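Let us walk through this model chain by chain. Keep the sequence and the coordinates side by side.

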Amino acid sequence: MQTALRTILPETELAIPANFAPHARVAREERPFQASGLPLSIRGLRKSFGDNEVLRGIDLHIPAGQFVAIVGKSGCGKSTLLRLIAGLEKIDAGSISFGADAQAADIRVMFQEPRLLPWARVLSNVEVGLGRDRASDSAQSRAEKALTEVGLVDKRDQWPSVLSGGQKQRVALARALVSRPRVLAFDEPLGALDALTRISMQRLLERVWRDQGFTAILVTHDVSEAVALADRVLVIEEGRIADDVMVNASRPRVRGSVELAALEGSILSHLLSADDRT
Amino acid sequence: MSLIDSVSLPRNFRLPGIDRLLPWIVPLAIIVLWQVASVAGLVPVRVLPAPSDVALAGWKLLLSGELGRNIWVSFWRASIGFLIGGGIGFAFGLANGLSQLSAKLTDTTLQMVRNVPHLALIPLVILWFGIDESAKLFLVALGVFFPIYLNTLHGIRTVDPQLIEMGRIYGMSDSELFRRVIFPGALPSIFVGIRFALGIMWLTLIVAETIAASSGLGYMAMQAREFMQIDVVVLSILIYALLGKLADSASRVLERATLAWHPGFQKN
């Protein structure tokens, strides 16, 4: 089906700009009216835990389909921002709004830990991601397709305990992708992986994002990862957005290119200069 | 190459099934030694009869139907008592693990009752129930209740909260969350409770039957003592050992079947 559509629609695919993914091709099969990512608007967002004010007024607009990376030192509030976007914490003040037609299954999160059910085979772990659709007839074929996208369909009948760390994280990605989310939030998803696995996972993330066109929000402490993947890098300091940098490099990006390295350097110096001030 | 072959040979040369026989070598050796000692006159027959005499007594009781009847009665009491006590313990474990209110209401009370040795209740139980079936069932159920309660509660409380959060994010309803996340997560701990409970089940039953019963294995042993039939007494003790082993094996089989995902149960 996927390849058939690809051959029918080659022009459309070419016509789509590089940072706007040809998602319609994939999404059309199951969700004809929800083809793209959702825009995201945040106004005056505040959040405290006890006396500790973690977010002190965030205003942010993310257009549909954009890949945004959020960087900052640990404890700056970046993970809290992500958890609020994902609806895992209650908002103290302000608002977060997605488009008018957003549903709960449109927004998915991937964590630093894979959080797979150890007592379920890989395939049924992916089926968990279908939410209420997991009882439907097509559940298995959709889960298989998501596993194929992350290159693990041959592991479908394995227990999670036999997989490597990177493979577990790919299963978690398949679980997040299987419902064709329109916003995908990543909370340091590659933080626990070794350097080489990280790079191949970054490529995988970039590829599925380009294929499916969801809005991606990546929280990371790794600035080079942020500039390699994102259209836009937000620097958060002490609960506020301190910097908002567009990354205009073309895709697929060349790791270690001068352009990206310069950008990485300027963001890093920003983060470190905050260190010197305090 | 030849060195590697000769080193790895003993490993491959294992007879099939030898792993299964291995645990039985020690009990069998004890029986053989015991028989030899009895025949040689090292152990007086009035202290400990020879295994062959015990087997003969067992054969006679089997033919008269007495042995089968007593084993069946004890087995029935053990199972029903286990189901009642285990069922209630499991229900309380679930309730107190899932609901703070329930835990606050009942946990303190249960912990107080737990510290009373349940066999100390035998005089009271005899006054309440006489030497009726219900007396034995009550004691077994009470003994089995606590290990299952405590381990179910512990299992549910220690389910990874990150998995529960994951289940909620993916829209699981409460019942689905229980079925797919909480219960499977608590299962290893519940099995620990079951295996403890099985031991307590036999202990309680035999003590209860020895003191107050008119049938069952414990009663059979006490009757034999009255008539100085030491071979039957020893036979009863050996049957306890076998029944205990059987119960433990049954729970292991169940454990293997339901915990196949657990790294501890996976064969390399």
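Two strands pair if DSSP finds at least two bridges between them. Strands (E, at least two residues) and helices (H or I, at least four residues) are DSSP runs, numbered from the N terminus. With that in hand, A:Arg232 stands opposite A:Met246 in β9(A).

This is a predicted model: local features need pLDDT of at least 70, side-chain atom pairs count only at pLDDT 80 or more, and totals for chains, interfaces and linings use all residues. Residues are numbered from 1 along each chain as its sequence is written, while chains are lettered from A and ligands numbered from 1 in the order in which they are written.

Start with confidence in chain A. Its pLDDT (the predictor's confidence in each residue, from 0 to 100) averages 83, and 86% of the residues score at least 70. Residues 1-35 of chain A fall below 50, and beyond near neighbours in sequence this stretch has 36 contacts in the model. A contact means that the C-beta atoms of two residues, placed from the backbone, lie within 7 Å. Where pLDDT is low, the predicted coordinates should not be read in detail.

Now the six-stranded sheet of chain A. It is open, its pairing is mixed, and its order is β5-β6-β7-β3-β8-β9. The edge strands are β5 (107-110) and β9 (240-246), each pairing on one side only. From one strand to the next, the twist averages 20°. Angles here run from 0 to 180 degrees between N-to-C directions, and axes are lines fitted to C-alpha atoms, for helices over the stretch in contact.

Follow β3 of chain A, residues 67-71. It pairs in the parallel sense with β7(A), residues 215-219, over four bridges. There, A:Val68 has A:Ile217 as its bridge partner. Four bridges also join β3(A) to β8(A), again parallel. In β8(A), A:Arg232 stands opposite A:Val68. The next pairing, β8(A) with β9(A), is antiparallel and has six bridges. These two strands form a hairpin with two residues between them, where A:Glu238 takes a positive phi near 50°.

What lies across this sheet? Helix α4(A), residues 78-85, lies across β3, β6 (183-187), β7 and β8 (232-237) of chain A, running at about 150° to β7(A).

Chain A has another open sheet, of three strands. Its order is β2-β1-β4, with antiparallel pairing. β2 (52-62) and β4 (93-97) are its edge strands, each pairing on one side only. Neighbouring strands are turned by 20° against each other on average, direction ignored. β1(A), residues 40-49, runs antiparallel to β4(A), and four bridges join them. A:Arg43 stands opposite A:Ser95 in β4(A). Helix α4(A) packs on this sheet too, touching β1, β2 and β4 of chain A, and its direction makes about 60° with that of β2(A).

Turn to the helices of chain B. α10(B), residues 174-211, and α12(B), residues 230-258, pack at about 165° with their axes 10 Å apart. That makes α10(B) roughly antiparallel to α12(B). Angles over 145 degrees count as roughly antiparallel, under 35 as roughly parallel, 65 to 115 as roughly perpendicular and the rest as oblique. The crossing of α10(B) and α12(B) is right-handed. By definition, the near helix is then turned clockwise from the far one by less than a right angle, and anticlockwise for left-handed. Residues in this contact include B:Phe191 and B:Trp202 from α10(B), and B:Tyr240 and B:Leu243 from α12(B). The contact divides into nine nonpolar, four polar and three charged residues. Ala, Val, Leu, Ile, Met, Phe, Trp, Tyr, Cys and Pro count as nonpolar, Asp, Glu, Lys and Arg as charged, and the others, Gly among them, as polar.

α10(B) also packs against α8(B), residues 133-157, at about 160° with axes 7 Å apart. The two are therefore roughly antiparallel. Their crossing is right-handed. This contact has 21 nonpolar, eight polar and two charged residues.

The axes of α5(B), residues 66-98, and α6(B), residues 100-114, come within 8 Å and cross at roughly 130°. That makes α5(B) oblique to α6(B). Their crossing is left-handed.

Last, the chains meet. Chain A brings 14 residues to the contact and chain B eleven. On the side of chain A, eight are nonpolar, three polar and three charged.
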